Amino acid sequence: MRAFSITAALAAALAASTAPAAQAEQVFNRIASFAVAGNLPEGADQKAPTSAEIIAASEDGNTLIYTDSPGKRIGFIDITDARAPKAGGIVSFEGEPTSVAVAGPKALVAVNTRESFTKTSGLLAVVDVATKKIDATCDLGGQPDSVTVNKDRTLAAIAIENERDEDVNDGEIPQLPAGDLVILSLKDGVADCATIKHVTLTGLAEVAGDDPEPEFVAFNGQAEIALTLQENNHIVIIDGKSAAVRAHFSAGTADLKNVDAKRDGAISFASDLTGVKREPDAVKWLDDNRLVVANEGDYEGGSRGFTIFDVTGKVLFESGASLEHAIAAVGHYPEKRSSAKGIEPEGMETAQYGDDKLFFVLSERASIVGVYKDTGAEPQLLQLLPSGISPEGAVAIPGRNLFATANEVDLVEDGGARAHVMIYARGEGEAIYPQIRSAEKDGLPIGFGALSGLAAVGDKPGFLRAVNDSVLSSQPTIFAIDATQKPAVITEALPITRDGAAAQKLDIEGIANDGEGGFWLASEGDSDKLYSHALLHVNKKGEIKQEIALPAELRANEIRSGFEGITAVGEGDGLTLWMAVQREWKDDEKGFVKLVSYKPATKEWGAVRYPLDKSEAGWVGLSEISVHGDYAYLIERDNLIGEAAKLKKLYRVALTELKPAALGGELPAVKKEEVRDLIPDLKSLNGYVVDKVEGFTVDAAGNGYVVTDNDGVDDASGETLFFSIGAINAM
């Protein structure tokens, strides 16, 4: 029943997963990602938003079936070769599919056909998986949400939500019509519409008892149904055969310790919340007497974790904030959701893999999946799996040692990632994610995200420093990284301060050592947010001792995309700082950006011109500059993502080329040499290619390291890729 700290447990699990192969645990690794836009039919608008919400698998495990509500369709994915999923086509409906389940050769699809929130309607469609034809439909008499079938495929249960209108009375309930539960019989996967039974649920919940809003439904092995009433904060147990309510109980409340309850641009687990209504979404049975719920919240609550109940409503285990802490330790904490419901656990799945009874908790806002081992008592967190943007549904395929998630958000209209289905395989070996995590400080994880620049610790191979950008605007930080561990570990967080307080109005994009224990930092400007382009000199305590504004010749032509990296050449009075400007400013020839120089001893500015590669779409710019040996290394990238991404490369320029001319005059152009195409590295985790390759440095042993910016999990998957590309001198 106790909540527990899970960061240390996760660290132990990660250590076990990287043990020698002879002692290796079974682990999940992502093996493929499928953008569901790939299922759009010929002639369809390829830039129309898609989605993958609830997902199921055919009984042979070779086909995935997902709901795409915006497109009013379900999609099929052929995973006969799970590492190379193929488009399998679609079936369209005159309504929005909300859920799908498989019964033998048929897929049962719940379809919302309502006219309005008060004129609700819906149907259950029976789709033949092989022919992709609709065999039959049943009128459900209301707006369906979740559908499931029992163990022997003789019964189907559908939660009829009849959801509320959040624009009416600020979303306050009750808002009729009330929801209920539909149970019907199946034969060979075909629904017998004449057997439909409606289970009345009014008068059960303490919260708006006359307006039950069922959310998620699940059968146990005895054909008993667990049903969550999310907004009502209630759980109902129903006999599937007789349709009688066996038991019902409030989902209750949870007390949360050490959570971040403020949206303030900083990750700080300094708040306690008491009496938070759980308001569960997904529910799954662990056995015939225990069920586990994901406490997403919707109406008034959301306790940020999961709870295990017995069938009488007794709390057997409460996760509290432990999952949120574990997620923060791998950089996936969504700070912008702090004042709301945090990570929002929403979906769930359970399955037996070999000797292990596992359950999976899907965090919608952190875009990650927690894999737990059911021990019968306190569950054990085994892994955290990266899962695209906003995982909504999941399906286990233990017969093939596979697991898949459906991720609902499609950002095509903003030039972002498409909705994806992601596939994982379980087997002996090492967990390939995360590639970086944080240690604990005072029993809590060091919060991090949006890593944007790297610098080496000069005399310690494998030790680096990183900075975060303005996503965490109230928490500018210099992180210490121990990359000799696997995964790499953020061991310390040094706040960047001004006059004793966290420095404001900064967008730190680059870091360089000053040779005296302190650092030079490059801050990118944004006039709309009152940020200035600037150089900062901080001491070893992180205190800003000097702020250097851009000269008039630069300020006169500035745009938003400014300094994206900083590096130092020389020392003492001969020190020159070099900054990479991301994109062309107003006075730049198209296809060229400035590498800007500054000599602190003489306060002299200069620049050279750097030639950018061309791109057929999006824009191209620089993300980092770092000097090693006789060369300056630069990351050049487009701003594209997924299959559209074409340019994520490491180049170098000989230091002899860096001969700055005075600003305001003709600037010499430098020659560049390609060092490495980073796209294969970005594909190595079998997700989609991320946009922001932001940091690069070479450590004391001559090994290059790369880090990506996860945008603080804001319209992004939250994945931070951190990897070594080996000896730079050998390239």
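**Salt bridges**

Reply: Happy to. Let's start with Glu324, which forms a salt bridge with Arg304, the closest N and O atoms being 3.1 Å apart. Please keep in mind that this is a predicted model.

Me: Why is the contact of Glu324 and Arg304 called a salt bridge?

Reply: The label asks for a side-chain nitrogen of Lys or Arg within 4 Å of a carboxyl oxygen of Asp or Glu. Glu324 and Arg304 have their closest N and O atoms 3.1 Å apart, so the pair meets the cut-off of 4 Å. Glu324 lies in helix H2 (residues 322–328) and Arg304 in the loop between S21 and S22, so the pair ties together parts that are 20 residues apart in sequence. Both Glu324 and Arg304 are buried.

Me: How many salt bridges does a search of the whole structure find?

Reply: The search finds 41 salt bridges. Another one joins Asp588 and Lys594, at 2.8 Å from N to O, and both Asp588 and Lys594 are buried.

Me: What makes Asp691 and Lys648 a salt bridge?

Reply: The closest N and O atoms of Asp691 and Lys648 are 3.7 Å apart, and the cut-off is 4 Å, so the pair counts. Asp691 sits in the loop between helix H4 (679–682) and strand S52 (693–698), while Lys648 is in strand S50 (residues 648–654), 43 residues apart. Asp691 and Lys648 also belong to a network of salt bridges with Arg637, Asp638 and Glu694.

Me: How do you know whether Asp691 is buried or exposed?

Reply: Buried means under 20% relative accessible area. Asp691 has 17% relative accessibility, so Asp691 counts as buried. Lys648 is buried too, with a relative accessible area of 0%.

Me: What joins the side chains of Asp310 and Thr312?

Reply: A polar contact of 2.7 Å joins them. The cut-off for such a contact is 3.5 Å, so the distance qualifies.

**The disulfide**

Me: How do you know that Cys138 and Cys193 form a disulfide?

Reply: Their sulfur atoms are 1.9 Å apart, and the label needs cysteine sulfur atoms within 2.5 Å, so the pair qualifies. A search of the whole structure finds one disulfide. Cys138 lies in strand S9 (residues 133–139) and Cys193 in strand S13, so the pair ties together parts that are 55 residues apart in sequence.

Me: Why is the disulfide of Cys138 and Cys193 called left-handed?

Reply: The torsion about the S-S bond is about -80°, so the disulfide is left-handed.

Me: Which label do the accessibilities give Cys138 and Cys193?

Reply: Cys138, at 2% relative accessibility, counts as buried. Cys193 has a relative accessible area of 31%; that value falls between the limits of 20% and 50%, so the label is partly exposed.

**Strands and hairpins**

Me: What makes S12 and S13 a strand pair?

Reply: Strand S12 (residues 180–187) and strand S13 (residues 190–199) are joined in the antiparallel sense over six bridges, and pairing takes at least two, so they pair. Lys187 stands opposite Val190 in S13. Their hairpin has two residues between the strands, and Asp188 takes a positive phi near 55° there.

Me: Why is strand S25 called largely enclosed?

Reply: Seven of the eight residues of S25 (residues 356–363) are buried, so the strand is largely enclosed by the rest of the structure. Eight bridges join S25 to strand S24 (residues 345–353), and six bridges join S25 to strand S26 (residues 368–373), with antiparallel pairing. Val361 of S25 stands opposite Met348 and also has Gly370 in S26 as a bridge partner.

Me: Why are S20 and S23 called edge strands?

Reply: Four strands form an open antiparallel sheet in the order S20-S21-S22-S23. Strand S20 (283–285) and strand S23 (315–318) are its edge strands: each pairs on one side only. Within this sheet, neighbouring strands are turned by 20° against each other on average, direction ignored.

Methods: Residues are numbered from 1 along each chain as its sequence is written. This is a predicted model: local features need pLDDT of at least 70, side-chain atom pairs count only at pLDDT 80 or more; totals for chains, interfaces and linings use all residues. Side-chain values use heavy atoms; hydrogens and water are left out. Axes are lines fitted to C-alpha atoms, for helices over the stretch in contact, and angles run from 0 to 180 degrees between N-to-C directions. Buried means under 20% relative accessible area, exposed over 50%, partly exposed in between (1.4 Å probe, protein chains only). A polar contact is a pair of N or O atoms within 3.5 Å; within protein, one must be able to donate a hydrogen and the other to accept it, and residues adjacent in sequence count only if both atoms are side-chain atoms.
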